[in-house]
Amino acid sequence: MSDADTLFERIIAREVPADIVHETETTLAFRDINPQAATHVLVVPKTRYRTVAELAAADPKLLADVIATADKVAELEGLTAGGYRVVFNTGSHAGQTVFHVHAHVLGGEQLGLFGRYQSEAG
């Protein structure tokens with residue numbers, strides 16, 4: 001797959017199947033295939049930007065749409081009462097593996113702390 005044809009672009013184009021949770025004119029939300037919480041949904045803008053900083057600089061309204069979609073996903077998934085986390089990973093050290101900006105919506109259970117892996121914390 002070329003850098004110009006990310007997995008998320010293929011999901012948006014419906015070339016790769018995904019469990020879609022919510023869709024707007026500008027965003028698509030679908031379940032992560034390797035969930036890190038009881039609920040783990042990815043929210044992607046339909047226009048590709050590599051990182052959240054790139055998206056914020058180029059199209060602040062689209063970034064607002066991504067956040068609004070994350071909030072809607074939390075509502076649809078029943079996460080608003082107990083709380084949820086929205087995470088953007090930027091770069092390989094942060095765990096970004098697909099370079100099409102995406103928000104992780106995590107919840108449905110008590111979430112752990114941020115930072116290093118447990119084995120590195122001590």
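**Legend 1. Meet the whole chain.** Two strands pair if DSSP finds at least two bridges between them, and strands (E, at least two residues) and helices (H or I, at least four) are DSSP runs numbered from the N terminus. This is a predicted model, in which local features need pLDDT of at least 70 and side-chain atom pairs count only at pLDDT 80 or more, while totals for chains, interfaces and linings use all residues. Residues are numbered from 1 along each chain as its sequence is written, and side-chain values use heavy atoms, with hydrogens and water left out. The protein chain holds 4 helices and 5 strands, and reading along the sequence gives you the pattern α-β-β-β-α-α-β-β-α. The C-alpha trace spans about 40 × 30 × 30 Å along its principal axes. Of the 122 residues, 37% are buried (under 20% relative accessible area; exposed is over 50% and partly exposed lies in between, with a 1.4 Å probe and protein chains only). Take the contacts (heavy atoms within 4.5 Å) between residues at least 6 apart in sequence: 52% of them join residues at least 24 apart.

**Legend 2. Here is the hairpin of S1 and S2.** Strand S1 covers residues 20-23 and strand S2 covers residues 27-31. Follow the chain from one to the other and you pass 3 residues, for S1 and S2 form a hairpin. The two strands pair in the antiparallel sense, with 3 bridges between them. To find your place in this view, look for Glu23, which stands opposite Leu28 of S2.

Legend 3. Strand S3 runs over residues 39-45. It pairs with S2 in the antiparallel sense through 5 bridges, and here Ala29 stands opposite Val43 of S3. S3 is also joined to S5 by 5 bridges, and these two strands run antiparallel as well. Now look at the cover around the strand. Because 7 of the 7 residues of S3 are buried, the strand is largely enclosed by the rest of the structure. Thr39, Val41, Val43 and Pro45 point one way, His40, Leu42 and Val44 point the other way, and all of them are buried.

**Legend 4. Val43 is seen with its contacts.** This residue of S3 is buried, as its relative accessible area is 0%. Once its neighbours within four places in sequence are left aside, Val43 touches residues including Thr27, Leu28, Ala29, Val66, Val73 and Val101. Thr27 is a handy one to trace: its C-alpha atom is 6.8 Å from that of Val43, although 16 residues along the chain separate the two.

**Legend 5. Strand S5 also pairs with S4.** S4 spans residues 84-87 and S5 spans residues 103-107. These strands run antiparallel and are joined by 4 bridges. S5 is mostly covered, with 5 of its 5 residues buried. On one side you find Ala103, Val105 and Gly107, on the other His104 and Leu106, and both faces are covered.

Legend 6. His100 and His93 both belong to the loop between S4 and S5. His100 counts as buried because its relative accessibility is 0%. Leaving out its neighbours within four places in sequence, His100 is in contact with several residues, among them Thr6, Phe8, Ile12, Val44, Pro45 and Tyr49. His93 counts as exposed because its relative accessibility is 86%. From His93 to Leu55, C-alpha to C-alpha, is 19 Å in space and 38 residues in sequence.

**Legend 7. Arg14 has a positive phi.** Arg14 sits in the loop between helix H1 (7-12) and S1. Its phi is near 65°, a positive value in a residue other than glycine. Arg14 counts as partly exposed because its relative accessibility is 43%.
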